[in-house]
Amino acid sequence: MRIVLVGPPGAGKGTQAAFLAKNLSIPHISTGDLFRANISQQTELGKLAKSYMDAGNLVPDEVTIGMAKDRMEQADAVGGFLLDGFPRNVSQAEALDEALKADEVKLDAVLDLEVPEDEVVKRIAGRRICRNDSAHVFHVEYKQPKSEGVCDVCGGELYQRGDDKEETVRKRLEVYHSETEPIIDHYRAQGLVVTISALGEVADVTERAMAALKKSA
Ligand code: AP5
Ligand code: ZN
């Protein structure tokens, strides 16, 4: 299956993607995680991405689209992917449409996670991630690690993301509304959008998502 996950910052995309990718046996591709891995390895791409991410802005399409396509090419060999955080504006969505068309394949669904803004702010404020892998995600209240400040998966140190500061979060939400939300209409026109509420327990949201994806298949 080829699935795109959309939703505001802090909606739980990364959290759900980990379970959905496992259930569906497809790789989870997060452009945010790819950028953060480049930042921790101090690559040129990481240095460039960091300046945009710290300000809550989108990293330019010229670097993002190439990076996402490279990763998708590796992934498609195993029969699909779950995209998290890409596409993030209409021109990225158009670039993805073209790439899929060239490969004569199609998206199966665009899963839209709906969460009210006050809940998103709470989720982001309490989020802690692992120094070794930003896909290892915890929450000080909702998903506490067994040992405070230590990742359950790999024992790495947990920390708060640089772009999770209040003023940056406000900017990211603004960018989501102005740049990312329009892709929902873009995909609605293709009949691909499935919207679910992402409120409630993580496992309940996963169940809701799996049921919605089955229905749309
Ligand atoms: P990215 O890393 O994609 O961040 P985002 O979209 O802002 O999303 P988040 O990672 O903040 O949240 P999430 O929805 O994954 O929530 P999570 O599961 O962690 O992008 C970061 C930056 O990179 C962008 O601002 C941009 O600069 C750049 N970038 C990335 N992609 C790009 C692109 N395509 N083009 C250009 N620039 C790009 O959950 C949040 C918290 O809530 C966690 O603590 C979790 O434990 C908790 N939680 C999750 N579910 C629940 C639940 N059901 N109940 C209670 N708590 C929950
Ligand atoms: Zn870890």
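The following legends describe close-up views of a predicted model.

View 1. The shell around ligand 1 comprises 34 residues, of which Pro9, Gly12, Gly32, Gly85 and Arg123 come nearest. Two or more residues each are contributed by helix 1 (13–24), helix 2 (31–40), helix 3 (44–54), strand 6 (137–139) and helix 9 (202–216). Sorted by class, the shell holds 13 nonpolar, 14 polar and seven charged residues.

**View 2. Positions annotated as a binding site.** An unreviewed UniProt entry carries the annotation "binding site" for Thr31, Arg36, Asn57, Leu58, Val59, Gly85, Phe86, Pro87, Arg88, Gln92, Arg161 and Arg172. These positions span 142 residues in sequence and their farthest two C-alpha atoms are 24.6 Å apart, so they do not all gather at one spot. Two of the annotated residues, Gly85 and Gln92, are described in the next two views.

**View 3. Glycine 85 and its contacts.** Glycine 85 is located in the loop between strand 3 and helix 5. With 23 other C-beta atoms within 10 Å, glycine 85 is buried. Apart from neighbours within four places in sequence, the contacts of glycine 85 are Lys13, Ser30, Thr31 and Gly32. Glycine 85 is also among the residues that come nearest to ligand 1.

View 4. Glutamine 92 belongs to helix 5 and is buried, with 20 other C-beta atoms within 10 Å. When neighbours within four places in sequence are set aside, glutamine 92 is in contact with Asp61, Thr64, Ile65, Phe86 and Pro87. The peptide bond from phenylalanine 86 to proline 87 is cis, with omega near -5°. Proline 87 lies in the loop between strand 3 (81–84) and helix 5 (90–102).

**View 5. The buried side of helix 6.** Within helix 6 (residues 117–125), the residues Val120, Arg123 and Ile124 are buried. They cover an arc of only 95° around the axis and therefore lie on the same side of helix 6. The cover over the buried residues of helix 6 includes strand 5 (127–130), strand 6 and helix 7 (166–180).

View 6. Residues 127–163 bear the annotation "domain: Adenylate kinase active site lid" in an unreviewed UniProt entry. The end C-alpha atoms of this span lie 11 Å apart, and the span is 0% helix and 24% strand.

View 7. Leucine 83 touches Ile3, Val4, Leu5 and Ile29, with residues up to four places away in sequence not counted. In soluble globular proteins, nonpolar side chains tend to be buried together.

**View 8. Two loop residues with positive phi.** Most residues other than glycine have a negative phi. Serine 25, although not a glycine, has a positive phi of about 55°. This serine 25 lies in the loop between helix 1 and strand 2 (28–30) and is exposed, with 10 other C-beta atoms within 10 Å. Glutamine 42, likewise not a glycine, has a positive phi of about 55°. Glutamine 42 lies in the loop between helix 2 and helix 3 and is exposed, with 9 other C-beta atoms within 10 Å.

Notes: Residues are numbered from 1 along each chain as its sequence is written. Chains are lettered from A and ligands numbered from 1 in the order in which they are written. This is a predicted model: local features need pLDDT of at least 70, side-chain atom pairs count only at pLDDT 80 or more; totals for chains, interfaces and linings use all residues. A residue is near a molecule or strand if its C-beta atom, placed from the backbone, lies within 6 Å of it. Helices (H or I, at least four residues) and strands (E, at least two) are DSSP runs, numbered from the N terminus. Ala, Val, Leu, Ile, Met, Phe, Trp, Tyr, Cys and Pro count as nonpolar, Asp, Glu, Lys and Arg as charged, and the others, Gly among them, as polar. UniProt positions are given in the numbering used here, feature names are shortened, and annotations may be inferred rather than shown by experiment. A residue is buried if 20 or more other C-beta atoms lie within 10 Å of its own, exposed if 12 or fewer, and partly exposed in between; C-beta atoms are placed from the backbone. The arc is that of the directions from the helix axis to the C-beta atoms. Two residues are in contact if their C-beta atoms, placed from the backbone, lie within 7 Å.
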